[in-house]
Amino acid sequence: MIPLVDLSAQYFSIKSEIDAAISGVLETGQFILGPNLLAFESEIARYLGVKHAVGVASGTDALVIALRSAGIGPGDEVIVPAFTFFATIGAVLLVGATPIFVDISPDTYCIDTRQIANKMSTKTKAIIPVHLYGHPADMTRLLEIAKKHELLLIEDNAQAFGSEFLGKKTGAIGDIGCLSFFPTKILGAYGDAGMVVTNNDELAENIRSLRTHGWNRKFYPETLGYNSRLDELHAAVLRVKLAYVDQWTLRRREIAHYYCERFLSLQVVAPSDAANLLHVYHLFVIRVSERSRVQKALKENQIDSAIYYPQPLHLAEPCKFLGHEVGDFPEAERAGRETLAIPIFPEMTSEQIDSVVETIENAL
Ligand SMILES: *Cc1c(COP(=O)(O)O)cnc(C)c1O
């Protein structure tokens, strides 16, 4: 059996350090907003090259709090890709703003920046590009557009921890970056966790207040906030893993490049990986017109595969009120029909990798 990702293999590779970190927290008896979170926040700030890092309870909360910190809410429009994980759009809806969909570029699966201009209105307040699967969106163009139209640029970096665009870490390029430490992400906790990062002092202050009930001073809310913190137990685990994440990503890239090479001669479109960026391969997503055949063959050989994501979000139930139809965002819809994620994780053995490749080869 080859899983899409093997979290217990990763745990066993660093078990003694993780166990010590967890018992360390249990022994101090400090579980919320303690020393591990403080240390982890400054370690992430240093890693990304950003001034402020604020731990929150999930990547979804990071997006919600990011939007709220800039005062985005009812009556505002936010530009988003039509193809992403639902949370990107859910966050916009949760703060009462309106998601304005833009189609994706078929090679990168990220927002097609050429199509943003004609989606702009006087109500547009922000753009949320998503570095989907670990591939950076075109931040050069996005920065230009955001600057020209005075929009807030919020990077959804949930799938792209450590990835780079022109030598800069994604998440730290726009005005705000949102991170997720969901267990299967590049840097994963043993539960839900997330973070908001920014270089802007005022936004950082709002973010800190929003994660604790809107307080600036204990028990005196200034605004309506949340209870959304990154727990000490998760912070302690994440600090251990942060030391390994670059070597894990190196291995992911090695596996990805091997896959790409082997798929060259097949009817498989492998992900693009340009020289000016660093793709971290949170997922390895191929495009195959014979998707159901490939998926069936993988299943018969006990190899996991999955579709991220079968439904583009302009067609999702909570977005029905926007009145979109099939055909509105053809590349997002085509990606939903043709893409398939195959196993990639740092602990994969070369036998496992070859077995995935050979199964796909035989299916085609
Ligand atoms: C995982 C993910 C999120 C949400 O993160 P959670 O920690 O699961 O709440 C947001 N956006 C994208 C693109 C994601 O993949």
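Helices in this tour are DSSP runs of at least four residues, numbered from the N terminus. The structure on the screen is a predicted model.

**Stop 1: Glutamate 254**

Begin by selecting glutamate 254, which is found in helix H9, residues 245-263. Is this residue buried, partly exposed or exposed? A residue counts as buried under 20% relative accessible area and as exposed over 50%, with partly exposed in between. Glutamate 254 has a relative accessibility of 48%, and therefore it counts as partly exposed.

Next, display the side chain of arginine 251 together with that of glutamate 254. The two side chains make a polar contact at 2.9 Å.

Isoleucine 176 and glutamate 254 are 78 residues apart along the chain, and their C-alpha atoms are separated by 30 Å.

**Stop 2: Helix H7**

Select residues 201-211, which form helix H7. Which residues of H7 are buried? They are Leu203, Ala204, Ile207, Ser209, Leu210 and Arg211.

Move to the N-terminal end of H7, which is capped by asparagine 200. A side-chain oxygen of asparagine 200 lies 2.9 Å from the backbone nitrogen of glutamate 202.

**Stop 3: The ligand and its surroundings**

How many residues surround the ligand? There are 15, and the closest are Gly59, Thr60, Gln159, Ser180 and Lys185.

- Threonine 60 has a polar side-chain atom 2.5 Å from an oxygen atom of the ligand.
- Serine 180 has an N or O atom in its side chain 2.7 Å from a ligand oxygen atom.
- Lysine 185 has a side-chain N or O atom at 3.1 Å from an oxygen atom of the ligand.

Taken alone, the ligand exposes 380 Å², and the protein buries 94% of that area. The space that the ligand takes is the largest pocket.

Finally, colour helix H4 (59-69) and helix H5 (86-94), the elements that give two or more residues to the shell around the ligand. Which of these gives the most? Helix H4 does, with three residues. Colouring the shell by class shows six nonpolar, seven polar and two charged residues.

Conventions:
Residues numbered from 1 in each chain as written. Predicted model: local features only at pLDDT ≥ 70, side-chain atom pairs only at ≥ 80, totals over all residues. Heavy atoms only, no water. Near = heavy atom within 4 Å. Polar contact = N/O pair within 3.5 Å; in protein donor to acceptor, adjacent residues only side chain to side chain. Areas by Shrake-Rupley, 256 points an atom, 1.4 Å probe, with all protein chains shown as cover. 1 Å grid on protein atoms, 1.4 Å probe; cavity = no way out; pocket = protein on both sides within 12 Å on 5 of 7 lines; lining within 4 Å. Sits in = over half its atoms within 2 Å of the grid points. Nonpolar A, V, L, I, M, F, W, Y, C, P; charged D, E, K, R; others polar. Buried < 20%, exposed > 50% of the residue type's maximum accessible area, 1.4 Å probe, protein only.
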